[in-house]
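Student: Please go through this structure with me, one question at a time.

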Amino acid sequence: ILALEPCADTPWIDQQQQRTAELRAMLTRGGSFDFHGLFDPTTLLDKARIDGSALEGIEILSLLTVVERVAAWRTLIDPHSQSSSQTKYEWPSIAALSTPLLDHDLSPLLRQLRGKIEPDGGLSDDASPELRRIRRAMERQHRAIEESLRKSLRSLSEGGSTQDSLITIRGDRFVIPVKAEFKRKVPGVIHGSSSSGQTVFVEPLETIEQNNELVRLLDEEQSETHRILVAMRSEER
C-alpha cells in the first residue's frame, strides 16, 4: 500500500473501480470469502524446488492454507464448478482477473495432503502406514520399559535406595532416580545427576536393551518423517 502512487491512466482506474463495484455487489448480496492465512509463498516454493530438501511440517501447513484458499476461490469464480444451490455472481472483471487460477485444479493435492499434518506442524499417524506402524511399536515399547522400571522402583524403594518413585528421561533413555550414596548398589548405567548431587539417574541393566530398541524406533520415525516431508515437497512442486 505504501508503494502505491497516484495514477492518471483512465482505463486502469475504470478497471479498478469495476472490480471494487463487483465485489461490493457480492458483499451486498450476503456473499463472503475468508482470506485469512494468505501470504506470498514464493520463498517456501523456491525452497521446495531444491532437490533433496524438505519443508518443515509447519511450513507445509501454511502452504496448505494458501492452497485451500486458492481452491475455494477457484470454485467460487468457476461457473462450471458451482452447484445449483450456490449463489452465482455477475463479476466479469473479477472473473477475468482470476482466470489463471482456472488452469490449476488443486483438489488432488488437497486430498493427498489434508489431514496428514497436525496443527503444531507434526505429522499425524495417517501420514503413512509405515509411520503409524512405527508409532504403535513405540507405544508398546514405552509401556514395556515403564513396566520394567516400575518393578525396579518397587524393589529399590523397599531398601530405601530410591529418592522418589518418578520415572524420567535423560537423553532419550528412560531412567529412575537413585540416592547418590546407593548408586553402586544399583546395576546399570548412570545418566547424570540432580543439581544438588543427592540423586543420580540410573538406567537399570534389565532395561538397557529395551531402551536401545526404543532409540532404534525413534530413528526409524525420524527417517520416515523426513521421507514423507520430502515426498510432500515433491507433490507441492
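Tutor: Contact here means heavy atoms within 4.5 Å. This is a predicted model, where local features need pLDDT of at least 70 and side-chain atom pairs count only at pLDDT 80 or more, while totals for chains, interfaces and linings use all residues. Residues are numbered from 1 along each chain as its sequence is written, and side-chain values use heavy atoms, with hydrogens and water left out.

Student: Which residues does Ile228 touch, not counting residues up to four places away in sequence?

Tutor: Ile228 is one of the residues that touch the most other members of the largest nonpolar core, which has 20 residues. Such a core is a set of buried Ala, Val, Leu, Ile, Met, Phe, Trp, Tyr and Cys residues joined through side-chain atoms within 4.5 Å; buried means under 20% relative accessible area, exposed over 50%, partly exposed in between (1.4 Å probe, protein chains only). Leaving out residues up to four places away in sequence, Ile228 touches Leu123, Ala127, Ser128 and Leu131.

Student: Which element gives the most to this core of 20 residues?

Tutor: Helices (H or I, at least four residues) and strands (E, at least two) are DSSP runs, numbered from the N terminus. The elements α2 (42-48), α3, α5 (107-113) and α7 (205-236) each supply at least two residues of the core. With five residues, the top contributor is α3.

Student: What is the strand order of the open sheet?

Tutor: Two strands pair if DSSP finds at least two bridges between them. Three bridges join β1 to β2 (residues 173-179), four join β2 to β4, and four join β3 to β4. The pairing is antiparallel and the order is β1-β2-β4-β3.

Student: Which strands stand at the edges?

Tutor: Each edge strand has a single partner, so one side of it is left without a neighbour in the sheet. The edge strands are β1 (168-170) and β3 (188-193).

Student: Which residue of β4 is the bridge partner of Pro177?

Tutor: Six of the six residues of β4 (residues 199-204) are buried. Val200, Val202 and Pro204 point one way, and Thr199, Phe201 and Glu203 the other. Arg170 lies over the face of Phe201, at 3.9 Å from the ring centre (the rule asks for NZ of Lys or CZ of Arg within 6 Å of the ring centre and within 35 degrees of the ring normal). The β4 bridge partner of Pro177 is Phe201.

Student: How many residues apart in sequence are the parts tied together by Trp73 and Trp91?

Tutor: Rings of Phe, Tyr and Trp (its six-membered ring) pair if their centres lie within 6.5 Å; planes under 30 degrees apart count as stacked, over 60 as edge-to-face and the rest as tilted. The rings of Trp73 and Trp91 have centres 5.6 Å apart and planes at 50°, so this pair is tilted. Trp73 is buried at 11% relative accessible area, and Trp91 at 5%. Trp73 lies in α3 (residues 57-77) and Trp91 in the loop between α3 and α4 (92-98), so the separation of the parts they tie together is 18 residues.

Student: How far apart in space are Ser152 and Thr207, C-alpha to C-alpha?

Tutor: Ser152 is in helix α6 (residues 129-158) and is buried, with a relative accessible area of 9%. Not counting residues up to four places away in sequence, Ser152 touches Ile176, Pro204 and Glu206. Ser152 and Thr207 are 55 residues apart in sequence, and their C-alpha to C-alpha distance is 9.7 Å.
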